[in-house]
Amino acid sequence: MNIINHGTWTRYEPDPYPTDIPPGVIFAKSDATGRDWYDALYGETRLFAADSVKVTATKEADGSWRLQAANKDATRVFPVGGLLLEITDYTGTDPQADFGQKRFDATTSEITAFPPRARVASARQIRLALNQLELRADVEAWVKTQDQNTRDNWDYATEFVEDNPLIVACVAGLGKSEAEKAALFDLALTF
């Protein structure tokens with residue numbers, strides 16, 4: 001896949017503000033070149049190939065980029081506050097379906113799916129599932145053998161995340177498998 005990284009774009013206010021433009025218009029410019037978004041779309045030298053896919057991306061907390069809008073029509077995307085990409089050899093029919101909410105690695109220019117998010121169950125859901133699986137007494141006995149932080153987490157947590165260290169340690173401590181942990185969350189999320 002041929003991906004052109006047009007870098008990050010920032011909102012700015014022209015000084016002086018153009019007299020023929022209504023107030024409240026949002027302006028964006030390339031952080032690398034200073035080129036205005038309007039000029040990139042309509043200037044003498046257009047930024048994009050006519051049939052390419054234009055894609056915006058926002059930065060995630062972990063530093064990766066999440067692809068957002070993806071469209072062949074550049075006027076349907078707006079890069080302010082994020083990264084702007086162009087895919088020049090796309091042969092699909094629905095760029096948004098193919099690229100939206102995917103991860104972009106700016107180092108390798110690879111587009112991949114984000115790993116699935118860990119499931120979250122409320123404390124009530126976890127306890128009901130443990131009751132039904134007849135594991136609650138075992139879990140509570142294990143918790144009593146742990147440090148104060150672990151005991152507090154069990155007693156006062158309002159939700160449990162599937163990959164939380166407490167859950168992982170408890171599963172290992174009780175000699176349970178990943179499949180059994182998954183089954184616990186499958187059941188908990190039905191309550």
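Helices (H or I, at least four residues) and strands (E, at least two) are DSSP runs, numbered from the N terminus. Keep that naming in mind as you move through the viewer.

The model you have open is predicted, so local features need pLDDT of at least 70 and side-chain atom pairs count only at pLDDT 80 or more, while totals for chains, interfaces and linings use all residues. Residues are numbered from 1 along each chain as its sequence is written, and side-chain values use heavy atoms, with hydrogens and water left out.

**Stop 1: a loop with a positive phi**

Select serine 109, found in the loop between β6 (103-105) and β7 (110-112). Its phi is near 60 degrees, a positive value in a residue other than glycine. Most residues other than glycine have a negative phi, and most peptide bonds are trans. Is serine 109 buried or exposed, or partly exposed? With a relative accessible area of 31%, serine 109 is partly exposed (buried means under 20%, exposed over 50%, partly exposed in between, using a 1.4 Å probe and protein chains only).

Now pick glutamate 134, in the loop between α3 and α4 (136-144). Glutamate 134 is not a glycine, yet has a positive phi of about 55 degrees. Its relative accessibility is 69%, so glutamate 134 counts as exposed.

**Stop 2: a cis peptide bond**

Go to aspartate 15 and proline 16, which are joined by a cis peptide bond with omega at about 5 degrees. Proline 16 sits in the loop between β1 and β2 (27-30).

**Stop 3: aromatic rings**

How many aromatic pairs does the structure hold? There are eight. Rings of Phe, Tyr and Trp (its six-membered ring) pair if their centres lie within 6.5 Å; planes under 30 degrees apart count as stacked, over 60 as edge-to-face and the rest as tilted.

Select tryptophan 9 and tryptophan 37, an edge-to-face pair with 5.5 Å from centre to centre and 85 degrees between the planes. This pair links distant parts of the chain, 28 residues apart: tryptophan 9 is in strand β1 (residues 3-12) and tryptophan 37 in helix α1 (residues 37-42). Tryptophan 9 is buried at 3% relative accessibility, and tryptophan 37 is buried with a relative accessible area of 7%.

Phenylalanine 48 lies in the loop between α1 and β3 (53-59) and tryptophan 37 in helix α1, so the pair ties together parts 11 residues apart in sequence. At 13% relative accessibility, phenylalanine 48 counts as buried. Show Phe78 too: ring pairs link Trp9, Trp37, Phe48 and Phe78 into a cluster.

**Stop 4: charges over rings**

A charge sits over a ring if NZ of Lys or CZ of Arg is within 6 Å of the ring centre and within 35 degrees of the ring normal. Then try arginine 66, with its charged end over the ring of phenylalanine 114, 3.8 Å from the centre.
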